[in-house]
Amino acid sequence: MKHNNWDRLAMALVISTLSLAGIGIAADGPRQSQEQQKREKDEKQQQRKEDQQQERDQKKSEQEQKQQQQEKAQREAERDQKEIRAWQEQQRERIERQSEQIQQQRAQQQKQEQIQEQRQQQRLSQQQQQQRIKEQRQQAEQYRLHLEQQERLAREHAARLQQERRMAQYRFQQEYLERLRQQQIYLRDHRFDYDNDPYFYTPPIYRYNRGGMYYQINEYGARALRQAVRYGYEEGFRAGMADHDDRWRGGNYRDSYAYRDANYGYSGYYVSRADYNYYFREGFRRGYEDGFNSRYRYGRFDNGNYSILETILTQILGFQNLR
């Protein structure tokens with residue numbers, strides 16, 4: 001009986017001890033859970049703060065880049081405006097200089113024309129006019145006879161070109177001869193007005209040097225010599241192109257019939273045939289070189305025509321004003 005009481009007492013103590021331990025374990029469980037939740041909450045808040053700070057930094061960086069781009073664009077716009085203003089200023093100055101040059105040239109040209117008009121108003125004496133008329137009649141008649149003699153030489157030259165198979169040069173010569181024939185028909189049918197043509201009473205206003213000798217000439221004679229050089233260049237260019245097309249290795253302008261003839265455009269009046277031929281050949285030589293070499297060193301192609309440069313024309317003629 002006594003042993004049973006002690007057993008019961010021991011059992012009660014065990015049960016009491018186990019109960020107290022269970023209560024302690026149960027109390028620690030909720031406390032640990034709360035601490036973990038707090039840590040997680042703190043971590044989320046910290047992450048949110050870091051995300052917000054990163055977003056603010058990114059926005060700030062984007063704003064700074066945008067501002068830099070705007071400043072760069074503004075600097076480039078200012079530079080472009082500065083360059084445009086500088087270009088406009090250069091253009092304005094260039095236009096002003098050109099305008100001044102044009103005005104100076106016009107003034108000089110007007111002055112020159114006034115001088116020429118004054119000189120041309122001074123008529124030659126009646127005796128000098130009659131002497132000129134006589135010389136011109138003889139000169140025109142000699143030129144007509146010369147054209148007739150040239151026909152035989154032209155036929156001989158054309159036959160030689162055919163033998164050499166220089167067909168492009170042959171075609172050019174035939175075209176040149178046709179222009180000469182049209183010129184001859186005009187001269188034959190045209191009645192020259194010796195009594196009213198101003199050439200015969202207009203005094204000379206230029207002098208020029210040919211062959212080491214000086215000659216004097218009025219404006220009408222000067223026009224004839226200018227025409228000789230221009231026609232010579234044009235015909236020479238065609239002749240040079242023809243030899244180029246024929247692949248003629250000679251490349252000699254003196255071999256051309258047009259160069260030997262040198263009468264295209266000559267009317268028989270105002271200047272001697274020798275003078276006209278000389279300046280025609282001067283233009284022809286330069287035109288032939290340009291045509292044969294396919295270039296424009298002495299002239300240019302303008303409105304379907306081969307024209308000698310005015311600077312070259314002036315150098316060839318070398319007219320000097322009489323003072």
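Buried means under 20% relative accessible area, exposed means over 50%, and partly exposed lies in between, with a 1.4 Å probe and protein chains only. By that scale Tyr206 is buried, because its relative accessible area is 7%.

This is a predicted model: local features need pLDDT of at least 70, side-chain atom pairs count only at pLDDT 80 or more, and totals for chains, interfaces and linings use all residues. Residues are numbered from 1 along each chain as its sequence is written, and side-chain values use heavy atoms, leaving out hydrogens and water.

**The sheet**

Helices (H or I, at least four residues) and strands (E, at least two) are DSSP runs, numbered from the N terminus. Two strands pair if DSSP finds at least two bridges between them. Three strands make an open sheet, in the order E2-E1-E5, with antiparallel pairing. E2 and E5 are the edge strands, each pairing on one side only.

Strand E1 (residues 206-210) runs antiparallel to strand E2 (residues 213-217), and five bridges join them. Asn209 has Tyr214 as its bridge partner in E2. Two residues lie between the strands of this hairpin, and Gly211 has a positive phi near 65°. On the other pairing, E1 and E5 are antiparallel over two bridges. There, Arg207 has Gln320 as its bridge partner in E5.

**Aromatic pairs**

A pair of aromatic rings is described by the distance of the centres and the angle of the planes. Rings of Phe, Tyr and Trp (its six-membered ring) pair if their centres lie within 6.5 Å; planes under 30 degrees apart count as stacked, over 60 as edge-to-face and the rest as tilted. By this rule the count is 23 aromatic pairs. Tyr176 and Tyr257 form an edge-to-face pair, 6.2 Å centre to centre with 75° between the planes. Tyr176 lies in helix H3 and Tyr257 in helix H5, so this pair ties together parts 81 residues apart in sequence. Both Tyr176 and Tyr257 are buried.

The rings of Tyr206 and Phe319 are stacked, because their centres are 5.2 Å apart and their planes are at 15°. Tyr206 lies in strand E1 and Phe319 in the loop between helix H7 (310-317) and strand E5 (320-321), so the pair ties together parts that are 113 residues apart in sequence.

Ring pairs also link a cluster of Tyr253, Tyr259, Tyr266, Tyr276, Phe280, Phe284, Tyr288 and Phe292.

**Charges over rings**

A charge sits over a ring if NZ of Lys or CZ of Arg is within 6 Å of the ring centre and within 35 degrees of the ring normal.

| Charged residue | Ring | Distance to ring centre |
|---|---|---|
| Arg166 | Trp248 | 4.1 Å |
| Arg207 | Tyr214 | 3.9 Å |

**Around Asp255**

Asp255 is in the loop between helix H4 (219-246) and helix H5 (257-261). Asp255 counts as buried because its relative accessibility is 16%. A polar contact is a pair of N or O atoms within 3.5 Å; within protein, one must be able to donate a hydrogen and the other to accept it, and residues adjacent in sequence count only if both atoms are side-chain atoms. The Asp255 side chain makes such a contact with the side chain of Arg160 at 2.9 Å. Another joins the side chains of Asp255 and Arg166 at 2.8 Å. Contact means heavy atoms within 4.5 Å. Leaving aside neighbours within four places in sequence, Asp255 is in contact with His157, Arg160, Arg166 and Arg260.
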